[in-house]
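Colleague: I have a new model open and would like to learn how to read it. Could you walk me through a few features?

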Amino acid sequence: MIVIAAFILGAAIGWMRAAKAGGNRADKLQYAAAHALALTVLGVFLTILLSRMG
């Protein structure tokens, strides 16, 4: 569940950052994909860490 939330949050953050910078639709999609991927990887590590701790 953490991974899905991280993906959605990352995509939203990326989209908003590109929009704030004045990017077009392709820029927004690229930023959303990059941020979603980065936060998804962090979410996977967090999930693994939490499952190993308890």
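Modeller: Happy to! Keep in mind that this is a predicted model. Let's start with Ile-2, which has a relative accessible area of 32% and is partly exposed. That label applies because the value lies between the 20% limit for buried and the 50% limit for exposed. Ile-2 belongs to helix 1, which covers residues 2-20.

Colleague: Now Thr-40: is it buried or exposed?

Modeller: Buried means under 20% relative accessible area. Thr-40 counts as buried because its relative accessibility is 17%. This residue sits in helix 2.

Colleague: Which residues does Thr-40 touch, not counting those up to four places away in sequence?

Modeller: With those set aside, Thr-40 touches Val-3, Ala-6 and Phe-7.

Colleague: And how do I read a polar contact? With which side chain does the side chain of His-35 make one?

Modeller: For a polar contact, look for a pair of N or O atoms within 3.5 Å. Here the partner is the side chain of Arg-17, at 3.0 Å from that of His-35. His-35 lies in helix 2, which spans residues 25-53.

Colleague: What else is His-35 in contact with, leaving aside its neighbours within four places in sequence?

Modeller: Besides Arg-17, His-35 is in contact with Gly-10, Ile-13 and Gly-14.

Methods. Residues are numbered from 1 along each chain as its sequence is written. This is a predicted model: local features need pLDDT of at least 70, side-chain atom pairs count only at pLDDT 80 or more; totals for chains, interfaces and linings use all residues. Side-chain values use heavy atoms; hydrogens and water are left out. Helices (H or I, at least four residues) and strands (E, at least two) are DSSP runs, numbered from the N terminus. A polar contact is a pair of N or O atoms within 3.5 Å; within protein, one must be able to donate a hydrogen and the other to accept it, and residues adjacent in sequence count only if both atoms are side-chain atoms. Contact means heavy atoms within 4.5 Å. Buried means under 20% relative accessible area, exposed over 50%, partly exposed in between (1.4 Å probe, protein chains only).
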